[in-house]
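Q: Please show me the model. I would like to learn how to read its contacts, core and interface.

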Amino acid sequence: MHIYLPIAETSVIIFVPLGLGALVGFFSGLFGVGGGFLITPLLIFYNIPPAIAVGSGANQVIASSAQGAFDHFKRRTLDIKLGLILSLAGLLGSFCGIYIFSFLRRLGQLDLIISLLYVGLLGIVGLLMAQESIKAVLRAGKGLPAMVKRPGRHNFLQKLPWKMRFQSSGLYISLLPVIGLGFIIGILSSIMGVGGGFILVPAMIYLLHVPTNIVVGTSLFQVSFVASFTTIMQAVTNHSVDIVLAVLLMIGGIVGVASGNRLGRRLKAEQLRLLMALLILMIALWLAFGLFIRPAELVTLVTLPGG
Amino acid sequence: MMFLVQAGSICLSCLAAFQRSKKLLAACRRKYCRLAVIAAPVFIAFIGLPTAQAQEEPSNTPQETLQIIVTARDITIDANFAGTDFYIAGVLENTDPLLRRQNRYDIIVVLEGPQQNIVLYKKERRLGLWLNGSSVKFTNVPQFYALASTRELRDITVPQTYQSLGLGLNYLPLHAKGRLSPEAIKLYKSELIALKQKQGLYGQETGSIAFGSTRLFSARFHLPDNVPVGPYTVKAYLFRDGVYSDEAATGLEITRKNIAYSLYHAAQTQSFRYGLAAVLIAIFIGFIGRTIFPK
């Protein structure tokens with residue numbers, strides 16, 4: 001059964017976007033990330049033009065992260081205050097990111113920068129998470145109590161001014177690292193076309209020492225905010241949001257997010273972190289191979305607008 | 001579904017028309033054959049002789065021509081479009097029946113899509129990384145190019161003819177911008193064509209032209225599911241004994257219809273509202289998702 005995608009100008013078998021949505025939704029529900037870093041490369045792999053993959057992917061990310069965020073809100077595992085500050089700083093970052101994006105495009109090596117950013121960031125984040133979570137899993141295996149780190153006892157971030165209390169997270173921290181983190185995520189998300197959850201989640205755990213159970217909900221909240229902004233920006237500047245494709249991905253995503261959530265609640269926090277680290281490392285490796293291995297096509301075709 | 005039924009009925013009526021005209025022509029031939037045998041010398045005596053004297057050439061048969069029609073001016077793409085077959089009908093006039101019977105007439109029909117400017121980057125290896133290197137810009141590249149022919153192209157006529165007509169993938173007139181050697185441009189060109197062929201947007205098919213009678217023919221094209229929308233041209237070329245003798249052209253339009261059109265139109269003209277709607281739909285679906293699968 002085929003369905004025509006009016007913006008992508010191609011017809012696809014209906015089960016492909018449904019299946020892709022379910023797959024990405026599963027990881028989204030499991031780890032509390034938007035899944036943008038998964039869906040965009042997958043859509044490009046399926047011959048959807050890159051700009052439309054970014055725009056429609058961002059649109060789908062809203063649905064899967066909102067679904068999770070609604071749930072966390074209900075279970076009170078969402079720090080709205082923290083999420084809002086991160087999101088507002090993120091919007092500011094996104095604005096700056098759009099200018100950086102067009103600057104890089106003028107240089108002609110946008111693809112390369114995006115790939116290097118992906119490989120570098122995913123690689124570092126994945127390695128750090130893997131190292132920490134393997135230690136934690138081993139400790140748990142020996143029956144030792146999980147490492148209890150009193151939040152920010154010896155953290156330089158604790159010495160910064162403008163402290164604010166975040167009741168839901170049980171934190172009393174400076175606003176500066178929160179705004180800085182949101183800002184950086186905003187820049188990255190508009191350059192890379194992702195929500196930034198895969199960086200936000202570990203950063204909140206390791207830098208801000210937000211309790212793990214709150215991290216996921218708050219990250220989902222922030223991701224749905226940033227993805228909404230990206231979607232509208234893409235729709236206005238590039239007309240590259242294919243709503244038919246996005247809705248199919250979302251419908252598949254509903255099932256995926258729900259089953260990911262279910263599995264997520266059965267696993268221990270450190271196991272979850274280890275799995276996420278492995279997934280991130282796998283994607284980093286896949287993208288790195290793309291940079292170093294001789295490509296199948298030795299030419300890249302770019303369509304100029306208004307031809 | 002409607003579209004498929006419509007397309008099917010068009011194909012059927014097309015075929016039926018073919019069958020009918022085939023029978024009619026056959027009947028005509030039988031009935032008037034004897035008459036023609038008697039009438040021909042008389043006719044030539046009256047009219048043919050003076051012209052035969054005027055012309056020095058041994059053959060006094062008039063120049064053969066061809067005409068084509070498209071069965072539908074518009075091909076519409078609706079939400080359930082999955083590619084379709086498309087027929088172009090044509091008729092040959094003033095052909096030599098003997099040559100026709102010996103299959104010495106050849107037809108090539110080209111369906112060409114809307115044009116576009118593109119840039120082709122060559123991937124080059126620098127510091128171990130594969131990245132976009134030198135580039136070349138091609139202007140007015142057809143987004144779609146399908147060629148149907150009665151026989152293999154190399155059996156129809158010589159390369160010089162294809163070259164002068166700009167006919168066939170090998171001789172596609174692509175204009176490159178940039179200071180590159182002709183050899184380099186040729187290489188880029190063949191890469192471009194190979195890429196388009198891989199996407200199913202460029203193709204040459206032999207034997208997709210069928211003769212309904214000695215004079216009627218139809219050319220079949222497959223429009224793939226990723227066929228670009230826009231204005232198309234159809235050009236038909238007639239060859240006699242490998243010599244180009246006539247061509248005919250017509251146009252058609254491939255357009256989005258109904259919901260496919262409305263969505264595209266909204267995305268182009270009311271982009272902010274379209275984006276906002278996309279966001280709201282996403283949040284709504286997320287909310288529905290949570291309601292269906294409560295924890």
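**Reading the model**

A: Setting aside neighbours within four places in sequence, A:Ile280 contacts A:Leu122, A:Val125, A:Gly126, A:Met129 and A:Phe198. In contact means that C-beta atoms, placed from the backbone, lie within 7 Å. The model is predicted: local features need pLDDT of at least 70, side-chain atom pairs count only at pLDDT 80 or more, and totals for chains, interfaces and linings use all residues. Residues are numbered from 1 along each chain as its sequence is written, while chains are lettered from A and ligands numbered from 1 in the order in which they are written.

Q: Which residues touch the most other members of the largest nonpolar core?

A: In soluble globular proteins, nonpolar side chains tend to be buried together. A core joins buried Ala, Val, Leu, Ile, Met, Phe, Trp, Tyr and Cys residues through C-beta atoms within 7 Å. Buried means 20 or more other C-beta atoms within 10 Å of a residue's own, C-beta atoms being placed from the backbone. Here the largest core has 137 residues, and A:Met250, A:Ile280, B:Ile107 and B:Val109 touch the most other members.

Q: Is α9(A) largely enclosed or exposed?

A: Helices are DSSP runs of H or I, at least four residues, numbered from the N terminus. Of the 24 residues of α9(A), 17 are buried, so the helix is largely enclosed by the rest of the structure. A kink of about 30 degrees is centred on A:Gly253; the bend is the angle between axes fitted to the seven residues ending there and the seven starting there.

Q: How many residues of chain A are in contact with chain B?

A: 49 residues of chain A contact 51 of chain B. α9(A) gives the most to chain A's side, with nine residues.

Methods
Buried ≥ 20, exposed ≤ 12 C-beta atoms within 10 Å, placed from the backbone. Contact = placed C-beta atoms within 7 Å. Helix = DSSP H or I, 4+ residues; strand = E, 2+ residues; numbered from the N terminus.
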